[in-house]
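Here is a short briefing to read alongside the structure.

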Amino acid sequence: MKQKKNRKGLAKDIMYCPYCGGRTELRSADGIYHDNRDGTMLYVCKNYPRCDTYVRVRPGTMEPIGTLANGRLRALRTEAHRYFNQLYERGIMSKREAYEWLSQMIGLPMSKTHIGMMGEYYCELVIEESKKLLGGTRRQRKGYYLMNRVGGYRNEINSGAAACG
């Protein structure tokens, strides 16, 4: 994100759309969300709706909750959250353990592990691997989770073994 100084000397963030290159503008979600009773704000590509790219803003701030995304990526992020959240909602692991597992799987520190920052590849990976944990027996899930905690999953990806089996 580039920073430009406004007339009063304060830094003003300027974001550009990763799909069409257009500037983004901070605006209400009215007209984009069917129901915007909460007064949600978004950074929206100036070419909306032709370019369907936006990101929600943390309430009371101008801070985006993730990166700009088109409709496909937003749908993948929603689906990734749906499967990932079930890991702790069903008691398969605690919320902290789920984020540790996710952090190990994608190779980032926990402070940088957010589905809202992921692209399509990692969202699809989160969905696939979460489904594996959700679908297995308790014993399979425990073994799979422990293997991933010690970095086994990332080692499989690096060696190409994950694609073979």
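Predicted model: local features only at pLDDT ≥ 70, side-chain atom pairs only at ≥ 80, totals over all residues.

A residue counts as buried when its relative accessible area is under 20%, and as exposed when that value is over 50%.

**The loop residue Asn-36**

- You will find Asn-36 in the loop that links strand E3 (24-28) to strand E4 (41-45).
- Its relative accessibility is 13%, so Asn-36 counts as buried.
- The side chain of Asn-36 makes a polar contact of 3.3 Å with the side chain of Ser-28.
- A polar atom of the Asn-36 side chain also lies 2.7 Å from the backbone nitrogen of Thr-40.
- Leaving aside residues up to four places away in sequence, Asn-36 touches Ser-28, Ala-29 and Asp-30.

**Helices H2 and H3**

- Helix H2 spans residues 95-106 and helix H3 spans residues 120-135; their axes come within 11 Å and cross at roughly 130°.
- H2 and H3 are therefore oblique to each other.
- The crossing of H2 past H3 is right-handed.
- On the H2 side, the contact is made by Trp-101, Leu-102, Met-105 and Ile-106; these meet Tyr-122, Leu-125, Val-126, Glu-129, Ser-130 and Leu-133 of H3.
- Sorted by type, the residues of this H2 contact with H3 are eight nonpolar, one polar and one charged.

Conventions: Residues numbered from 1 in each chain as written. Heavy atoms only, no water. Axes fitted to C-alpha atoms, helices over the stretch in contact; angles between N-to-C directions. Helix = DSSP H or I, 4+ residues; strand = E, 2+ residues; numbered from the N terminus. Parallel < 35°, antiparallel > 145°, perpendicular 65-115°, else oblique. Left-handed = near helix turned anticlockwise from the far one by under 90°. Contact = heavy atoms within 4.5 Å. Nonpolar A, V, L, I, M, F, W, Y, C, P; charged D, E, K, R; others polar. Buried < 20%, exposed > 50% of the residue type's maximum accessible area, 1.4 Å probe, protein only. Polar contact = N/O pair within 3.5 Å; in protein donor to acceptor, adjacent residues only side chain to side chain.
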